[in-house]
Structures are given as C-alpha cells and as structure tokens.
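The sequence and the structure are shown first.

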Amino acid sequence: MFSFANVLGKLKKYKESESLFLNALQINSNIASYHGNLGKMTHIFVYGTIKKGQPNHHCITSAINGKAVYYGKGVTDEKYPLVIASKYNIPYLLNIPGSGQNIAGEIYTVDDKLLQFLDEFEGCPDHYQRIPTSIRIQECAQENTLSSKTENTILKCFMYSKSSYQQEWLNLPFHNNYDAFGSHGLKYVNCESR
C-alpha cells in the first residue's frame, strides 16, 4: 500500500543518495565512483550517433540500459581523425593520437550496467576499443553540481575508438564534430536497417 508520506520518504532517500553520489564525484572526479545505491559510475565521452539529437541517443537515455547523467560538452585534448566510413556511413574515431582534429562531443557519467550495454552496442573490444582519454570541458550542464571540474579543465573519460581500419579511410575528410544529418550528405544507416 502506497501512502503520500511513504512516497515522500522514498523521494527523500533518493535525493540523499544522489547527493552522496555527486559529492563523491566532486571529491575525486577522475575515478568517478561511488559504491552506494548507485554503484560505480564512469565518465564516457561520446562524439557520434549517441549524442543528443542523433539516431542512437536513446541508447544512453533508456533507463532499461542503465543510468546516465549528462555532464556537459567537451573536446578531446588531443587530436584524432574522425571519419565517416563504410557503406553504412558510420562515424569512426581512429586511434591515431596527434593526427586529425580535436573532436567535439558530450560527456556522460554512466553506471556499470550502461557501460556494459555501451560496450556491447559498440562491439567492444572487437569492433571498437574503449580507451581512456583527456577531455577539455567546454560547458558544464546547468544541472551538473560537480563544481570541482569547470569549463576549460581536463576530465579523464573513456571513449570508443577504432584501432583497426582500412588504410583508405585515412584519405577521407577528417571531421571535428559529427552530425548524422550534417552537410556532409552521408546518410547514416541505423543498426536495424543493416
């Protein structure tokens, strides 16, 4: 039986847990872990079809896949080649640090369940590899209370990159930002349509 007082009590406990988690991130945001009700949380940098407004954004927002908190916008501190390749017009970030451009994207803090889902979605480790990288924060989310990391500071994140690729991909245009609906004119083919 649910009562209004019972619901309010549960809401208060949730807010307390969320506050503890955010405080833990603030204390050591490079590790970004809290082992309370939320479990371990990890920073992920996304630059392609998982960003807001892109075809696979639902993967990071669906509660069934796990929990994600939008952290803000950022750019890779190091340059990488970002190409659109294959007959499906997939954005590939090639693991060639120092080549290409600084890549713009979004930072999320995700739980272990969502991290595992993203690994499977990205075909990690066979298709993509999840690698640690330094992301320069460009804009913190308004709801982000993690004040220890502000704009223009570095945050350690994981991102998905491609270590094995076709050599001709290096002759493709390098992008600094991916938009499935961008002026490049290369229509992204959803997983369901392949």
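The side chain of Gln129 reaches the backbone nitrogen of Ser163 at 2.9 Å, and it also reaches the backbone oxygen of Pro125 at 2.9 Å. A polar contact here is a pair of N or O atoms within 3.5 Å; within protein, one must be able to donate a hydrogen and the other to accept it, and residues adjacent in sequence count only if both atoms are side-chain atoms. The model is predicted, so local features need pLDDT of at least 70 and side-chain atom pairs count only at pLDDT 80 or more, while totals for chains, interfaces and linings use all residues. Residues are numbered from 1 along each chain as its sequence is written, and side-chain values use heavy atoms, with hydrogens and water left out.

Gln129 is in strand E6 (residues 129-140). Helices (H or I, at least four residues) and strands (E, at least two) are DSSP runs, numbered from the N terminus. Not counting residues up to four places away in sequence, Gln129 touches Cys124, Met159, Tyr160, Ser161, Lys162 and Ser163, where contact means heavy atoms within 4.5 Å.

The accessibility of several residues is listed below. Buried means under 20% relative accessible area, exposed over 50%, and partly exposed in between (1.4 Å probe, protein chains only).

| Residue | Relative accessible area | Class |
|---|---|---|
| Gln129 | 17% | buried |
| Asn56 | 2% | buried |
| Cys124 | 23% | partly exposed |
| Cys140 | 19% | buried |
| Gly100 | 27% | partly exposed |
| Ser193 | 57% | exposed |

As for cysteines, a search of the whole structure finds zero disulfides, a disulfide being a pair of cysteine sulfur atoms within 2.5 Å.

Asn56 lies in the loop between E1 and helix H2 (58-61). Its contacts, not counting residues up to four places away in sequence, are Thr49, Ile50, Phe121, Tyr188 and Asn190.

Strand E1 (41-46), strand E4 (90-93) and helix H3 (112-121) each supply at least two lining residues, and E4 gives the largest share, three residues.

Gly100 is in the loop between E4 and strand E5 (101-111). The C-alpha atoms of Gly100 and Tyr80 are separated by 4.6 Å, although the two are 20 residues apart along the chain. Gly100 touches Lys79, Tyr80, Pro81 and Phe174, not counting residues up to four places away in sequence.

Overall, the protein has three helices and seven strands, in the order α-β-α-β-β-β-β-α-β-β along the sequence. Of its 194 residues, 42% count as buried. Among contacts between residues at least 6 apart in sequence, 72% join residues at least 24 apart.
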